[in-house]
Amino acid sequence: MNAPEQTSLSAATDMRRTLDAAAVQQLTDRIEAAQTGARAIPKLTDDFPGMTLGDGYAVQLELLRRWRAAGRRQAGWKAGLTSKAKMVQMGVTVPSIGFLLADFARAEGSTVRTDDLVHPRVECEVAFVTKADLAGPDVTRAQVLAATDFVVPAIEVIDSRFSGFKFDLPSVVADNGSSARYVTGGRALRADGLELDCLGVVLEKNGEPVAMGASTAVMGHPADAVALLVKVLHELGETLPAGSFVMSGGITEAIAVKPGDVVCARFQELGSVAVRFA
Ligand code: 0L1
Ligand code: MG
């Protein structure tokens, strides 16, 4: 992965598509098999070099359609690659979104299996639960905060299915933004009593601090990442309904985990979230 020359913390909204319906099905088959079989695959653009961001979202939405048809419930959405640290780490230049299924959730303090994951890594994030619908291209930070029921600290376990973490934006978007598991904990608090843009966090692995940061790293304010997510949803013809669970993006770079590791994210004001890997 090479560091991108220039990063942009605004949404890429060019959703032009180049793949026909058969290619979208073929690539969704590949992603679905890699995710369910925990198998690493080459990035999709190796075979489809003209693939666009819009094509990546077409694959992601087809995957969501299949899993909902199979009876899996959607809990909400995640914004990803929303900090410069993450973009530089992954060599991409704009943020992305992905969907979250209810069965991705794991309980705080529980043990997360790694044998059904490919490259598990953790991120500490501020998660939002909404109480009003959000829709459209120009949602503001204030509108996101007014529509927020509460915020809660979270650990996201991401799992890129691409061999050696070699991917680009269309490929990672098709892979649902590496979504795999998430864990909430700490305290669920109303957003209006918090300075949400300057919450410190320390990420510990096996009792040692391995990353630290402040929530301002997420686009200046995590609510701005939620606004960006709503803008991308708008471009995809979707909205964010009331009652959605939304992860706003990693505050620090992602940290690799392996069986036996215990990870704890300690958030200022919001408390801590811990999880073990086996
Ligand atoms: O949650 C995210 O920031 C998305 C990460 C996608 C790329 C990766 O696997 O790190
Ligand atoms: Mg994340």
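I began with Glu-123: an N or O atom in its side chain is 3.1 Å from an oxygen atom of ligand 1. I count a polar contact as a pair of N or O atoms within 3.5 Å. The protein covers 100% of the 310 Å² of accessible area that ligand 1 has on its own; such areas come from the Shrake-Rupley method with a 1.4 Å probe.

This is a predicted model, where local features need pLDDT of at least 70, side-chain atom pairs count only at pLDDT 80 or more, and totals for chains, interfaces and linings use all residues. Residues are numbered from 1 along each chain as its sequence is written, chains are lettered from A and ligands numbered from 1 in written order, and side-chain values use heavy atoms, without hydrogens and water.

Arg-121 has a polar side-chain atom 2.5 Å from one of the ligand's oxygen atoms. For Lys-86, I read 2.8 Å between a side-chain N or O atom and an oxygen atom of ligand 1.

Then I turned to the metal. Which residues coordinate the magnesium ion (ligand 2)? Glu-123, Glu-125 and Glu-156 do, each through OE, at 2.0 Å. Donors are N, O and S atoms within 2.8 Å of the metal (3.2 Å for Na, K and Ca); water is not among the atoms, so sites may look incomplete. Along the chain, I noted the donor spacing E-x1-E-x30-E. Glu-125 in strand 5 (residues 120–130) and Glu-156 in strand 6 (residues 148–159) link distant parts of the chain, 31 residues apart. Strands are DSSP runs (E, at least two residues), numbered from the N terminus.

Last, I checked burial. Glu-125 and Glu-156 are both buried, meaning under 20% relative accessible area (1.4 Å probe, protein chains only).

Terms used. Helix = DSSP H or I, 4+ residues; strand = E, 2+ residues; numbered from the N terminus. Buried < 20%, exposed > 50% of the residue type's maximum accessible area, 1.4 Å probe, protein only. Polar contact = N/O pair within 3.5 Å; in protein donor to acceptor, adjacent residues only side chain to side chain.
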